[in-house]
Amino acid sequence: MLDSYAIMKRQWIKTTLFSFVGIGACVLIYYMVSGTHQATVSRPGSDGMAIGMNLSAVSYWTRELPFVDVAKCSMEWVTQNHHQVQGGKNSWHTDMLDSIPLDHDGYPIFLPVEVQGAEAPQIVASLMLRTVYPHYPAGRYVCLYDGQGEIRFGFDAKMISAEPGRIELDVTPSPGGNGILMKIMRSEKGDHIRNIRVIMPGFETTCETKPFNPVFLERLRPFKVIRFMDWQKTNDSGMKNWSQRTKLSSYTQASVSGVAIEYMVDLCNELGADPWFCMPHQADSDYIRRFAQLVKERLAPDRKVYLEYSNEVWNAMFKQYHWVKENGESGLSHPEKYAQFAGQAFNIWQMTFGDQTGRVIRVVSGQQVSPRIIQGAIDYLGPDGMDAIATSAYFGLGKDDYEELRILGPRATATDVMRLVMGNIETESIATIKKHSRIASKYNVDLLAYEAGPSICSSPLGSSPPYLQALWDSQRSSDLYRVYRGFLGSCKEMEIKLFMAYSYVTAQETKYGSWGHLEYLDQPVTEALKYRALLDEMDIPYIREK
């Protein structure tokens, strides 16, 4: 009996061969539909493999546009000269923030500040909506703030009117992707400027009670679980204690501390989704306990929590790998040290949730190509020390594939890329996932995919080889849709219970990979082949507009 992948492969080969004689054009046209699609609010059934989504990090260039108050995604403060100094350096960032006193939410207590060695008194500046052109709303924005002082705006924002506590702006996205520049020129000591909000058109009266962008919500609504690894800035996290966390009132949610826990919980309540949280690798027991308590009190009682210790602790490119290696109990292997810290976090959450421990799903994660990591963690914790094991479930190119693309160079096409991806799925991706599936079956725990989807990147990651354009073109190839659907079918047959797609909205044409299932938030579903593959797999209907 042929599995989903084998059937998909046979059909793909037929399509490819027919294309040489002209018939394939008709087959390809069948998959190319026109118009804009809108996901409905309906949810997939509970049977089979559930599909969730990883969010990308909140930043001043984020394409996800999660908040109607765009200041929540503003860049962390840079310091600048208050005025242009003739003959001076007048740097974009003078790097003097340590000399500016800040309140508990990160707002300067007074400005400008005289700093020894500076060319001029110092102020602070920030950016928002950078490089998002043209996919953020134009129109009349409103800036609201508390306190006394002066705020100025520039780049894509033109100030129309200003009165204490309120500024109206006309915002026109520019082809250069400049975004909105904001500067606090003056802030009065004793009543300093704080609680700055820069609100998209139409949301001034509702932004406090309904903080999330409706388009962000609607396109995320089909997914059952939301993983916040990047929202939490998990990789290389410096989070150690509760006082370091980002709060609802913090001047930006795009800080190194990640997004406020409250916003993550509120998002899942709004969506009716389960959160997946990653505990920072250095977090003390008090931080973990308070995190768990906040979630227990704020999350809807019918929702569960997927709990993971850090992210990819096996991956030596991240600081969490080295911290665990150095701080774990001597004599243990690295997977066992990881399990040691994961078990401590699990225990704190279980004690905090008390008689509601059934709501906490303890996830132990490993490496797709190396099942021994999961096995080592199970050997330490025992199968009763977890509820699920997780691996990534990516498909992409192998070592030999990159060599063939190197030889083709700029002559490589998206068809070449997808032909190679197809072969690698069969020989590597599915084979390694099956090993994890057998481990899950042996110990009677669920198998999850903590990150999953196409991983069609240059090698080494971050390089710009001559075949890079072919990799980018493959992201818009109808072949990718068919390959993805086949791969999803295979994951279901391997009894993956939860497929966490990575990620929601990011740029496609970057040398660091094409991870987003949407290229921008308002992208038509007909053009977003990866996103459409997920909707079709869940049998989610979408509206086709002419």
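This is a predicted model: local features need pLDDT of at least 70, side-chain atom pairs count only at pLDDT 80 or more; totals for chains, interfaces and linings use all residues.
Let's start with strand β2, where both faces are covered: Ala50, Gly52 and Asn54 on one side and Ile51 and Met53 on the other are all buried. Buried here means under 20% relative accessible area, with exposed over 50% and partly exposed in between, using a 1.4 Å probe and protein chains only.

Residues are numbered from 1 along each chain as its sequence is written, and side-chain values use heavy atoms, with hydrogens and water left out.

Strands (E, at least two residues) and helices (H or I, at least four) are DSSP runs, numbered from the N terminus. Two strands pair if DSSP finds at least two bridges between them. With that in hand, here are some pairings, each with one bridge partner couple.

| Strands | Sense | Bridges | One partner couple |
|---|---|---|---|
| β2 and β17 (residues 496-501) | parallel | 4 bridges | Gly52 and Met500 |
| β2 and β11 (residues 225-227) | parallel | 2 bridges | Met53 and Ile226 |
| β4 (residues 122-128) and β9 (residues 180-187) | antiparallel | 5 bridges | Leu127 and Leu181 |
| β5 (residues 139-146) and β10 | antiparallel | 4 bridges | Val142 and Ile199 |

The β4 and β9 pairing belongs to an open sheet of 4 strands, antiparallel, in the order β3-β4-β9-β6. At its edges stand β3 (78-81) and β6 (149-155), each with a single partner strand, so one side of each has no neighbour in the sheet. Neighbouring strands here are turned by 30° against each other on average, direction ignored. For such angles, axes are lines fitted to C-alpha atoms (for helices, over the stretch in contact), and angles run from 0 to 180 degrees between N-to-C directions.

β5 and β10 sit in another open sheet of 4 strands, ordered β7-β8-β5-β10 with antiparallel pairing. Its edge strands are β7 (157-163) and β10, each pairing on one side only. The twist averages 20° from one strand to the next.

β10 also turns up at the second largest pocket, where it gives the largest share of the lining, 4 residues. Both β10 (194-199) and α4 (261-271) supply at least two lining residues each. In total 26 residues line this pocket, and Lys72, Cys207, Glu208, Pro211 and Tyr263 lie nearest its centre. The pocket holds about 450 Å³ of space. On a 1 Å grid over the protein atoms alone, a pocket is an open set of points where a 1.4 Å probe fits, with protein on both sides within 12 Å along at least five of seven lines; lining residues have an atom within 4 Å of a point. The volume is the space filled by probe spheres set on the points, which are joined across faces, edges and corners.

Now for the rings. Rings of Phe, Tyr and Trp (its six-membered ring) pair if their centres lie within 6.5 Å; planes under 30 degrees apart count as stacked, over 60 as edge-to-face and the rest as tilted. The count comes to 27 aromatic pairs. One of them is Phe277 with Phe291, edge-to-face at 5.1 Å centre to centre and 70° between the planes. Phe277 lies in β12 (residues 274-279) and Phe291 in α5 (residues 285-298), so the pair ties together parts 14 residues apart in sequence. Both Phe277 and Phe291 are buried.
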